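Here's a walk through one protein model, taken a region at a time. Keep the structure open while you read.

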Amino acid sequence: MQMQFREYQKKDFQSLKEIVRKTWCYDEFSGQKTASRLAEVFLSSCLTNYTFSQVAVLNDTVAGIILAKKIESHRCSPANRFNQIKSIINLYLSKEGRQVFQIFKRVHEIDMQLLNNCHKTYSAELVLFAVNPTYQGKGIGKKLFQSALDYM
């Protein structure tokens, strides 16, 4: 078993989209097309919001990712923002996509309200942490998480 860790690369997007889709079980509450589009929105949104990335690659297969952000030094690239907007528009093209998006929009609003109500400020955040369910239990998540802690 050959494992390596490296920064996120554009070529990882499709594999990571499927990891997000599986990890968050999007197919259980929407059709396949909507689940795929929702995973794309979620991942592209995370990619607008990071300053650190580590992708775990096991035998040439993307096995997991962690994204973290130092809030003070974060700058979103125009390309990442464009991809996020494009993915949201694609999700909105179907009635089911619009309905699912509204659910996740409300969840995001609740998260923001909870964060605001705690009256604390944070210098960093964990943006995304996911390991392909097929590879869980092999220590990949532990190594990814440690890399983010070291970065912070």
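## Helix α2

Ten names come up when you ask what is buried in α2: T34, A35, S36, L38, A39, E40, V41, L43, S44 and C46. Buried here means under 20% relative accessible area, with exposed being over 50% and partly exposed in between (1.4 Å probe, protein chains only). Helices (H or I, at least four residues) and strands (E, at least two) are DSSP runs, numbered from the N terminus. The cover over the buried residues of α2 includes α1, β3, α3, α4 and β4, where contact is heavy atoms within 4.5 Å.

As for geometry, α2 has 15 residues and spans 21 Å from its first C-alpha to its last, close to the expected 21 Å at 1.5 Å a residue. That expected span is 1.5 Å times one less than the number of residues in the helix.

A word on ground rules: this is a predicted model, so local features need pLDDT of at least 70 and side-chain atom pairs count only at pLDDT 80 or more, while totals for chains, interfaces and linings use all residues. Residues are numbered from 1 along each chain as its sequence is written, and side-chain values use heavy atoms, with hydrogens and water left out.

## Helix α4

Now for α4, residues 95–117: its 23 residues reach 33 Å from first C-alpha to last, close to the 33 Å expected at 1.5 Å a residue. Which residues of α4 are buried? They are G97, V100 and F101, and they pack against α2 (32–46) and α3 (78–92). An α-helix has 3.6 residues a turn, so residues three or four places apart point the same way.

Just past the end of α4, H119 takes a positive phi of about 55°.

## The largest pocket

The largest pocket has a volume of about 800 Å³. To define that: on a 1 Å grid over the protein atoms alone, a pocket is an open set of points where a 1.4 Å probe fits, with protein on both sides within 12 Å along at least five of seven lines, and lining residues have an atom within 4 Å of a point. Grid points are joined across faces, edges and corners, and the volume is the space filled by probe spheres set on the points.

Of the 26 lining residues, the closest to the pocket's centre are F42, S45, F104, H108 and D111. The elements giving two or more residues to the lining are α2, α3, α4 and β4. The largest share, nine residues, comes from α4.

Take I65 as a way in: leaving aside neighbours within four places in sequence, I65 is in contact with Y8, L16, Q54, V55, L128, F129, A130 and L144.

## Buried polar residues

K69 lies in strand β3 and is buried, at 10% relative accessible area. Its side chain makes a polar contact with the side chain of N49 at 2.7 Å. A polar contact is a pair of N or O atoms within 3.5 Å; within protein, one must be able to donate a hydrogen and the other to accept it, and residues adjacent in sequence count only if both atoms are side-chain atoms. Not counting residues up to four places away in sequence, K69 touches N49, Y50, T51, H74, S123, A124, E125, V127 and M152.

T48, in the loop between α2 and β2, is buried with a relative accessible area of 6%. S147, in helix α5 (residues 140–151), is buried too, at 16%.

## Positive phi in two loops

Most residues other than glycine have a negative phi, and most peptide bonds are trans. C25, in the loop between α1 and α2, has a positive phi near 50° and is partly exposed at 33% relative accessibility. N59, in the loop between β2 and β3, has a positive phi near 50° and is partly exposed at 46% relative accessible area.
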